Amino acid sequence: MLENYLPVLIFMCMGLIVGLVMIVLGGFILAPRKPDAEKNSPYECGFEAFEDARLKFDIRYYLVAILFIIFDLEIAFLFPWAIVLDDIGLFGIVAMGIFLGILVIGFIYEWKKGALEWE
Amino acid sequence: MIDLAISFWEWLPQWIQILAENILYIVIIMVPLMLSVAYVTYAERKIIGYMQVRIGPNRVGPRGWLQPIADAVKLMFKEIIIPTSSNRYLFLLAPMLTMAPALAAWAVIPFADGVQLADVNAGLLYIIAMTSMGVYGVIIAGWASNSKYAMMGALRSAAQVVAYEIAMGFALVGVLMAGGSLNLGDIIDKQAGGFFNWFWLPLLPLVAVYFISGVAETNRAPFDVAEGESEIVAGFHVDYSGMAFAVFFLAEYANIIMIAALTSLLFFGGWMSPFASWADVPLLGDGFHWFLLKTMFFIYMFLWIRATYPRYRYDQIMRLGWKVFIPVTIVWIFVEAVMAVMQIGPWAV
């Protein structure tokens with residue numbers, strides 16, 4: 001079974017190689033390289049960049065990332081469940097119903113708390 | 001001469017034979033894919049041009065047919081500017097990290113009955129993994145550029161992509177329930193029997209959620225706040241030029257074709273013909289051309305949506321993802337599960 005994955009692995013390597021070849025060929029062999037201080041300054045509407053770009057950012061992006069992890073794990077649990085649903089039948093539905101129910105309660109709580117609001 | 005070539009081939013060690021064979025197949029997939037990517041960009045400009053009562057590109061070659069080739073040649077001869085304050089290795093790594101998964105996802109796509117590079121048992125899982133990888137390239141690009149616009153674009157794009165990935169994942173759980181397998185070939189075989197046996201009918205809300213999430217995942221209009229030309233100029237790739245930009249561009253369009261192909265595979269029967277009873281009539285039977293036709297239709301939908309809808313505001317995008325799509329998909333998964341176990345209607349398995 002595992003040997004079926006060999007083409008997948010080769011394909012991934014080929015994908016990386018194609019990207020590498022394009023950048024090396026286009027950027028460093030065919031294209032000119034004439035850097036100067038103005039050209040290499042970070043883009044900012046013609047101003048001098050006056051501070052580092054790695055600023056503090058909105059906490060909501062962080063919240064979204066945490067919520068994403070919870071829901072993505074949920075999906076990871078749902079995948080095998082969906083495939084064997086025929087075999088586990090009603091018991092499977094009830095079990096998953098309880099699991100999803102707990103998650104939905106959490107989802108409603110965070111909705112009411114305003115974690116999903118962006119103004 | 002041919003005898004010589006055959007004996008040379010047999011003289012090679014076996015692992016080289018396997019490697020060469022696989023690379024040949026990969027090239028057979030990749031070259032048409034790259035050409036399609038180039039011509040989707042042309043189709044986009046031309047179709048949106050006509051929708052806005054303009055002509056679109058028409059100068060290079062007859063009717064502008066050589067436009068994508070001219071663009072590629074031009075980009076190849078442009079300097080790649082690496083900003084002084086950037087992390088230069090990450091800066092150059094980011095486009096490759098976007099490109100590799102966008103191409104590699106095609107390894108498991110069934111193009112026709114049994115025509116598939118890798119017939120793996122966890123094909124759909126692999127595709128989800130690959131389409132999720134794309135966000136790394138975006139974040140690394142935004143971070144490595146060390147420009148405020150790029151950083152903003154990367155943050156927006158990442159938050160948006162992960163929000164819609166959940167809706168997408170839930171929609172795929174519905175497909176798995178109906179298909180009963182992670183293998184893409186098996187999922188298509190389950191849809192045999194013509195237009196009304198395809199999964200779009202029992203999974204109707206999930207089709208809409210999946211396709212709209214696909215549009216949002218690829219950061220396309222009307223969800224293109226990550227690019228947001230009018231506010232953050234080009235988002236995460238504002239500092240990229242020349243071939244480094246072109247690689248991002250190619251990856252974006254490869255992802256569009258991917259989403260279109262997946263929509264046709266998972267919900268619209270892939271290479272199955274809509275006329276199951278006319279299978280003997282040439283061209284109306286199953287075959288690669290149906291897959292191509294359906295995929296082209298969904299690519300056209302991407303362009304059509306772009307020409308039709310104005311851009312969403314960021315809070316509206318997040319609201320749609322979290323407060324509309326996730327509840328809709330959770331409810332529908334539950335409905336579908338109950339229907340499937342109770343053996344009711346088209347959901348019975």
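Mentor: A residue is buried if 20 or more other C-beta atoms lie within 10 Å of its own. Keep that cut-off in mind. This is a predicted model.

Trainee: Which residues of H11(B) are buried?

Mentor: Start with the general idea. An α-helix has 3.6 residues a turn, so residues three or four places apart point the same way. Now the case here. The buried residues of H11(B) are Trp290(B), Phe291(B), Lys294(B), Thr295(B), Phe298(B), Ile299(B), Phe302(B) and Leu303(B).

Trainee: What covers the buried residues of H11(B)?

Mentor: The cover includes H2, helix H8 (204–217) and H10 of chain B.

Trainee: How many residues does helix H11 of chain B have, and how far does it reach?

Mentor: Compare the span with 1.5 Å a residue. Helix H11 runs over residues 288–308 of chain B, 21 residues in total. From first C-alpha to last it reaches 30 Å, close to the expected 30 Å.

Trainee: Next, the core. Which residues have the most contacts inside the largest nonpolar core?

Mentor: Ala154(B), Ala167(B), Val247(B), Ala254(B) and Ile257(B), in a core of 130 residues. H6(B) gives the most to this core, 23 residues.

Trainee: What does Ala154(B) touch?

Mentor: Leave out residues up to four places away in sequence. Then Ala154(B) touches Val138(B), Ile139(B), Ala141(B), Gly142(B), Trp143(B) and Phe236(B).

Trainee: And the interface? How many residues of chain B are in contact with chain A?

Mentor: Count each side separately. On chain B there are 69, in contact with 54 residues of chain A. H6(B) gives the most to the chain B side, with 13 residues. That side divides into 51 nonpolar, eleven polar and seven charged residues.

Technical notes:
Residues numbered from 1 in each chain as written. Chains lettered and ligands numbered in written order. Predicted model: local features only at pLDDT ≥ 70, side-chain atom pairs only at ≥ 80, totals over all residues. Contact = placed C-beta atoms within 7 Å. Helix = DSSP H or I, 4+ residues; strand = E, 2+ residues; numbered from the N terminus. Nonpolar A, V, L, I, M, F, W, Y, C, P; charged D, E, K, R; others polar. Core = buried A, V, L, I, M, F, W, Y, C linked by C-beta atoms within 7 Å. Buried ≥ 20, exposed ≤ 12 C-beta atoms within 10 Å, placed from the backbone. Expected span 1.5 Å × (residues − 1).
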